[in-house]
Amino acid sequence: MRRLLSIVLYVCLVVSARSQTVNQQDSAWIRDNYIKLEKYIPMRDGIKLFTSIYMPRDASEKHPILMTRTPYSCAPYGAEKWRPFWDTYHRYYLREGYIMVIQDVRGRWMSEGEFVDVRPFNPDKKSNTDIDEASDTYDAVDWLVKNLPNNNGNVGVMGISYPGFYSTMAAASGHPAIKAVSPQAPVTDWFIGDDFHHNGALALMDGFNFYAGGFGYPRPNPTTKGPVNALNLPENDNYNTFLNIGALPNFMKLTGDSIKFWKDLYAHPNYDDWWKARDTRRAMKDIKPVMLVVGGNFDAEDCFGAWNLYKAIEKQSPSTNNRIVMGPWYHGQWSRGDGSNLGNVRFGSRTSEWYQNNIEIPFFHYYLKGKGEEPKLAEATVFFTGANEWKKLEAWPPANSQQQPIYLQANGGLSWSKPASMVAPSEYISDPSRPVPYTEDVHYSRTREYMTDDQRFASRRPDVLTFQTGVLTEDLTLAGPVIADLLVSISSTDADFVVKLIDVFPDDFKYPDDKPQPSRSVGSTYPMGGYQMLVRGEIMRGKFRRSFEQPAPFQPNKIDQVKFTLPDVAHTFRKGHRLMIQVQSSWFPLMDRNPQQFMNIYEAKDSDFRKATIRIHHDKEKASAIYLPVSR
């Protein structure tokens, strides 16, 4: 055993040393073969945007430009300080001679002007004072192709998360030099499904920590220094911390009057024109560049954005060369790490590296450099968990995917057959003072692994309803959106509904290289037998069940329909597994608590939170169902 341990340690040291050597070699090569420039690029209204440019010294050929626009800083600042491309796969772009450009967007860091969150797209610009992120991109690209020596006139734009939003706006800019754009995990709609709201419910933990944690503080003048988190929250347990802070007005008291977007968010509790103007899908008409939309099926922030931006381009700009890639990734995992697992769930291959080498890099090489053959990308390249395989599909959802209802049954059953008799509904007490946690463990920050977490902890709670099939006798593959169609009655005038789609592993399941563990101790393998893997979960704020623009109260104890769509899934439930649905009315502190009274929740007091009895009906006349995109 000691000899084996010594061999393992030796191999790890060798691999680590080799990795460091490779990075050192790339670092030295890049510094020897590139120069760094810092420029202020003028916009049409006179504002100047700070831009870092990494230029190849090679003048024997002309080079493409690959650009990222970001609110998160193009640091490090100073011509002698370099962005560590050599620590990421982006080093391969520099090896190919790309001009790498990173720009601070308007009003952030070293750029001039006023920053506006998800600045609305203006399709009707009449003067030089009519600006948006599309026009800023146009002006920046125009300057780059006219002023950088030895560029070949071809520009690509890419970015992840908020920079994904700016990539989307680049596609809408109309500049003829922009040939290829890759919005990755793009911020798309902050009320319906990305980052800050899901179906009208506030993503409390992410929203508060992001804005109050630093991003939202004003920056009156260009600076290289980031904002400081002025909050001193009292505990390291986010569940207790957020519960003790209480109602949403208490969070506003903590942030004070200085965070503009946080105040805007409180001022627009419904899906009004202010929110609609910030839906980037409205700009996706007549898109000219080749598009590669990328996202993660287990992205806790912007899973909605990737799926729905792709669909918007397909619908509004049908002639655009538009492709989507969805892997089994957390937010941005395709750009870092190897993508072989998320939390306890393993994917059987290094999915991130496969994507980088087989899709993204060849994509930009061809469309910006004219190198190699045109990539034969499928319309949708999607990794199906469960089966752990990439599928190249001619459409998304695939043509052979059909919505099929699976019905909630009495005594926690699930069946493809509609209930045949009249039975009492399943019910639970939803208590806002003891909300259902989103994960079993104690954390300070929201985890990315919760997207595949074991849900056994939730199954044990009396305020979570659990419905499951028998053991599957054949594989069941789902490909597309999941639709929850619940018939409910509640004792109050409002409530939230969380629906979770879960893969229940066999009791004797273990990964091939696992060894039995006597207990769950430090270093032990997580017990996967009976694991309840979260495949997809989503919340619906009940008052928005008919309209996001005009909320409506429930009539107490009267049966009503709550129907909503969960983000798309790509998963195979293997033979021997079970399919489970969980229904609950809180998911804390991932989402804010509903007082369970019809009101403006942003104005709720601590005394407004009430218990409610929630009933889910599942009889032959009132049959609640989950519509699954079954792929044959």
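A: Let's begin with helix α4, residues 162-171, which is mostly covered: ten of its ten residues are buried. Buried means under 20% relative accessible area, while exposed is over 50% and partly exposed lies in between, using a 1.4 Å probe and protein chains only. Helices (H or I, at least four residues) and strands (E, at least two) are DSSP runs, numbered from the N terminus. The buried residues of α4 include Tyr162, Pro163, Phe165 and Met169.

A word on the source: this is a predicted model, in which local features need pLDDT of at least 70 and side-chain atom pairs count only at pLDDT 80 or more, while totals for chains, interfaces and linings use all residues. Residues are numbered from 1 along each chain as its sequence is written, and side-chain values use heavy atoms, with hydrogens and water left out.

Now meet a neighbour. The axes of α4 and helix α3 (residues 133-147) come within 8 Å and cross at roughly 75°; axes are lines fitted to C-alpha atoms, for helices over the stretch in contact, and angles run from 0 to 180 degrees between N-to-C directions. The two helices, α3 and α4, are therefore roughly perpendicular to each other, a label for angles of 65 to 115 degrees (under 35 is roughly parallel, over 145 roughly antiparallel, and the rest oblique). Glu133, Ala134 and Thr137 of α3 meet Phe165, Tyr166, Met169 and Ala170 of α4, where contact means heavy atoms within 4.5 Å. The residues of this contact divide into five nonpolar, one polar and one charged. Here Ala, Val, Leu, Ile, Met, Phe, Trp, Tyr, Cys and Pro count as nonpolar, Asp, Glu, Lys and Arg as charged, and the others, Gly among them, as polar.

Next comes the sheet. Helix α4 lies across β3 (63-70), β5, β6 and β9 (290-296), running at about 140° to β5. Helix α10 (residues 303-316) also packs on the sheet, touching β6, β9, β10 (322-327) and β13 (380-384). Ten of the 14 residues of α10 are buried, so α10 is largely enclosed by the rest of the structure.

The sheet itself is open, with ten strands in the order β1-β2-β4-β3-β5-β6-β9-β10-β13-β14 and mixed pairing; two strands pair if DSSP finds at least two bridges between them. At its edges stand β1 (34-42) and β14 (389-393), each with a single partner strand, so one side of each is left without a neighbour in the sheet. Strands β5 (residues 151-160) and β6 (residues 178-184) pair in the parallel sense over six bridges.
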